[in-house]
Amino acid sequence: MSSLFPNYARRPVHLIEGKGTIVKDEQGKSYLDFTSGIAVLSLGHAHTAIVKALQEQSERLWHTSNLFESPKQEQLANILIEETHFAHAFFCNSGAEANEAAIKLARKHTGKHVIITFENSFHGRTFGTMSATGQEKVRQGFGPVLETFRTVPFNDVEKLEAAIDDEVGAIMLEVIQGEGGVNKVTPEFAEAISSICESKGILLIVDEVQTGIGRTGTRYAYEQTVLKPDIMTLAKGLGGGFPIGAMLGTSELGETFGPGTHGTTFGGNPLAVRVAQAVLEHVFVSDFLDEVNKKSEYFVHKLNEALPSYKVVGAGLLLGLVCEDEAAPYITEAEKAGLLLVGAGPNVIRLLPPLTVTRDEIDQAVDILRTILN
Ligand SMILES: *Cc1c(COP(=O)(O)O)cnc(C)c1O
């Protein structure tokens, strides 16, 4: 009997060390990690630059609290908002916390309570973000959720238009639904959202907790669409394995989050901020992002060649292989063969290698997938 709550369906693999895309278990067996800790390890395991950043910072300053000004947080915020229309950042510790901040900011700014979210979305496990999440299984057993979220089918313009009224303060979505099945927003739907938000003065919240920080081949996934979010949230890939989340917002929203309105003890901790900065120094570089796109094209090409009957979805290195039946048994088989994968929705195999993955590692992963799926 485990001394941990059984709230995770954990797999019986004890991972003890990693380097780049490779992780090893207690028995010394090696795996290609195509989960990246669920889109977290942007630079792979134990990248020297972030190891060094953490080591150096850990000898200087661990924690100060947000009682004091923080030039380091300012610096990180500036890197995140550079060449965007955003003006401010708020730092926290996770994706759910970033979304929680976004929900509070949108409600306070608009004075309206209703936020539209979408079926199969995932926004987190806190009460607010669970209520925003369009998946019944996430809410089950927890009693009444916040009724001010309206869940609408994803990519359905008519249903979205029908859900808009004067009570709606914001629309919240993922550009690619990660947990929900690697479902991309269609260009028509993005157009519709943009024009609704503009004409009705509704705020747009884009949850880039999974898609952000180069994962889809651009700094942020919204940059590949017409969407111009008022608020954007980040976490997973931002810290490359160190917990950190962020919410970015436009200048119009600056006054709404005045002193004392919101906060967190650990948010923007010096260790997290230093590591995130090291991650961005590598990822927010056009050559690096070009390479992510090239590797993505290569990966998709190889998958199409090896598995012609499977549809490949997603963008950048957030890809999905759509199976006709449940994905879980294939994921177990791949693990035995030395390839770590994670599902998305019931029947999609998600492919999330570190952004630093090599073509050779992609070849090895495709070989394993070919054997298992054919
Ligand atoms: C993972 C995820 C979250 C939740 O992040 P946590 O750090 O687990 O709280 C929220 N939104 C999206 C899109 C995610 O993928």
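Q: How many cavities of 30 Å³ or more does a search of the whole structure find?
A: This is a predicted model: local features need pLDDT of at least 70, side-chain atom pairs count only at pLDDT 80 or more, and totals for chains, interfaces and linings use all residues. Residues are numbered from 1 along each chain as its sequence is written, and side-chain values use heavy atoms, with hydrogens and water left out. On a 1 Å grid over the protein atoms alone, a cavity is a set of points where a 1.4 Å probe fits but cannot get out. The search of the whole structure finds 1 cavity.

Q: How much space lies in the largest cavity?
A: A volume here is the space filled by probe spheres set on grid points, which are joined across faces, edges and corners. For the largest cavity, that space is about 30 Å³.

Q: Which helix gives the most to the lining of the largest cavity?
A: Lining residues have an atom within 4 Å of a grid point. Here they are Q57, K72, P270, V273, R274 and Q277. They divide into 2 nonpolar, 2 polar and 2 charged (nonpolar: Ala, Val, Leu, Ile, Met, Phe, Trp, Tyr, Cys and Pro; charged: Asp, Glu, Lys and Arg; polar: the others, Gly among them). With 4 residues, the top contributor is helix 9 (residues 270-283).

Q: How much space lies in the largest pocket?
A: A pocket is an open set of points with protein on both sides within 12 Å along at least five of seven lines. The largest one holds about 2000 Å³.

Q: Which residues that line the largest pocket are the closest to its centre?
A: The lining has 20 nonpolar, 16 polar and 11 charged residues. Of the 47 in total, the closest to the centre are Y8, A9, I38, E179 and V342.

Q: Which helix gives the most to the lining of the largest pocket?
A: Helices are DSSP runs of H or I with at least four residues, and strands are runs of E with at least two, numbered from the N terminus. Helix 1 (36-39), helix 4 (95-110), helix 6 (136-139), helix 11 and strand 16 (342-344) each supply at least two lining residues. With 4 residues, the one that gives the most is helix 11.

Q: Which residues surround the ligand?
A: A residue is near a molecule if one of its heavy atoms lies within 4 Å of it. The ligand is surrounded by S94, G95, A96, N99, F122, H123, E174, D207, V209, Q210 and K236.

Q: How far is a nitrogen atom of the ligand from an N or O atom in the side chain of D207?
A: A backbone N or O atom of A96 lies 2.8 Å from a ligand oxygen. A polar side-chain atom of Q210 also sits 2.8 Å from an oxygen atom of the ligand. For the ligand nitrogen and the D207 side chain, the distance is 2.7 Å.

Q: How much of the area that the ligand exposes when taken alone does the protein bury?
A: Areas come from the Shrake-Rupley method with a 1.4 Å probe. Taken alone, the ligand exposes 380 Å². The protein buries 81%.

Q: Is S65 buried or exposed?
A: S65 lies in the loop between helix 2 (48-58) and helix 3 (71-81). Its phi is near 75°, a positive value in a residue other than glycine. Buried means under 20% relative accessible area, exposed over 50%, and partly exposed in between (1.4 Å probe, protein chains only). At 19%, S65 is therefore buried.

Q: What is the relative accessibility of N120?
A: N120 also has a positive phi, near 70°. The residue sits in the loop between strand 5 (114-118) and helix 5 (127-132). N120 counts as partly exposed because its relative accessibility is 39%.

Q: Which side chain does a polar contact of 2.9 Å join to that of T211?
A: T211 lies in the loop between strand 10 (203-207) and strand 11 (231-234). T211 is buried, with a relative accessible area of 1%. A polar contact is a pair of N or O atoms within 3.5 Å; within protein, one must be able to donate a hydrogen and the other to accept it, and residues adjacent in sequence count only if both atoms are side-chain atoms. The partner of T211 at 2.9 Å is E208.

Q: How far apart in space are T64 and I362, C-alpha to C-alpha?
A: T64 is found in the loop between helix 2 and helix 3. T64 and I362 are 298 residues apart in sequence. In space, C-alpha to C-alpha, they are apart by 42 Å.
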